[in-house]
Amino acid sequence: MLRLLDRALAVVSWAAAALVVVLLFAGPTLIGAKKSSAAGQTSGSAVFASAGCSGCHTLKAAGAGGTIGPNLDQLRPSAAAVSGIVRSGGGGMPAFSGKLSDAQVAAVASYVSTVAGR
Amino acid sequence: MGASEPSEMLSDRGPGAVPQPDLAVRRLLIAGLMGAAVALTLGIYANAHNPSSDLTITLGFTNTITMKVWLATVALCFAVVQLLSALWMYGRLPLGAAPSWLGSVHRISGRLAFLVSLPVAYHCLYQLGFQHSSTRVLLHSILGCLFYGAFAAKVLVVRSRNLPGSALPLAGGLVFVLLVYIWLTSVLWYVNHSGFPSP
């Protein structure tokens, strides 16, 4: 019984690893979903959505309910503060410099500072 | 599976032939290079890929972070089973001879640890990429890539013959240590900040 399970898991393991590799490279194309990468987006709300900000932050205007990072509606950060933390990261937040263009950082900073807490 | 015997690396020339350490070195080198290639590929992908939050999965958990915390912890538990079963098989535990089913348990726990780690690794690579905003994050990024490289190398070592008896325990030990430090630099940090999330 255990050997049977071992052999079954061996096949499943290889298949799962192959699936992950395919998903990493093919991504949403495989299932026909639209790949909404942050790259290329310049609208602040679009950058907020596609960069995964909602996974960690709460921002009512964006429909975001993340609870890992600060609640942006309560914090109401300035555009400069958002821009700084987005570029350099910190406190567990990854840095997005090099992954978002200056225009995108400025757009999301302006967006967050405008809609947070309103 | 019982305790490993001291290595007897003989050539194809039959009994009494001269041991061939070159063969073992070659096989170890191949395993190491394969592991390095896997780690490097993941690192390059993570660094080059633009992080994206689409195509995320939660596998029934509240959110992605919760899924990652739980699955990473489950993987670590299976890895502990791997460690203990390996210690027993190598006669390092005062529990007498290892039962015949222990080898299967060891392999199954390893496969399960690998399986549950995959959704976590996928999300780290796809949603976050290679990060260096802090020492902890940089360490986690590097260790994550090294873990799968070490895992690939270990798989090759398991399947190779005529290797030194210490090769497999060292390879397995490296995989275990890497997973522990990956867990410490992610789950432990998260739990210290936000508590262990309910599923």
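1. Just after helix α2 of chain B, B:Gly91 adopts a positive phi of about 70°. Helices here (H or I, at least four residues) are DSSP runs, numbered from the N terminus. Helix α2(B) covers residues 64-89, and its end C-alpha atoms lie 37 Å apart; this agrees with the 38 Å that its 26 residues should span at 1.5 Å a residue. The expected span is 1.5 Å times one less than the number of residues.

2. The model is predicted: local features need pLDDT of at least 70 and side-chain atom pairs count only at pLDDT 80 or more, while totals for chains, interfaces and linings use all residues. Residues are numbered from 1 along each chain as its sequence is written, and chains are lettered from A and ligands numbered from 1 in the order in which they are written.

3. On confidence, pLDDT (the predictor's confidence in each residue, from 0 to 100) averages 84 in chain B, with 87% of the residues scoring at least 70. Residues 1-14 of chain B stay under 50. Where pLDDT is low, the predicted coordinates should not be read in detail. For the complex, the predictor gives an ipTM of 0.73 and a pTM of 0.72.

4. Helices α1 (residues 21-48) and α4 (residues 135-159) of chain B pack with their axes 7 Å apart, at an angle of about 150°. This makes α1(B) roughly antiparallel to α4(B), a term for angles over 145 degrees. Axes are lines fitted to C-alpha atoms over the stretch in contact, and angles run from 0 to 180 degrees between N-to-C directions. The contact includes B:Ile30 and B:Leu42 of α1(B), and B:Tyr148 and B:Leu156 of α4(B). Two residues are in contact if their C-beta atoms, placed from the backbone, lie within 7 Å.

5. Helices α2(B) and α5(B) also cross at roughly 150°, their axes coming within 10 Å; the two are therefore roughly antiparallel to each other. Among the residues that meet are B:Leu76 and B:Leu83 in α2(B), and B:Phe176 and B:Trp183 in α5(B). By class, this contact has 14 nonpolar, four polar and no charged residues. Ala, Val, Leu, Ile, Met, Phe, Trp, Tyr, Cys and Pro count as nonpolar, Asp, Glu, Lys and Arg as charged, and the others, Gly among them, as polar.

6. Between the chains, the contact takes 32 residues from chain B and 34 residues from chain A. On the side of chain B, α2, α3 (102-128) and α5 (167-194) each give two or more residues, and α3(B) gives the most, with 14 residues. That side has 16 nonpolar, 13 polar and three charged residues.

Terms used. Parallel < 35°, antiparallel > 145°, perpendicular 65-115°, else oblique.
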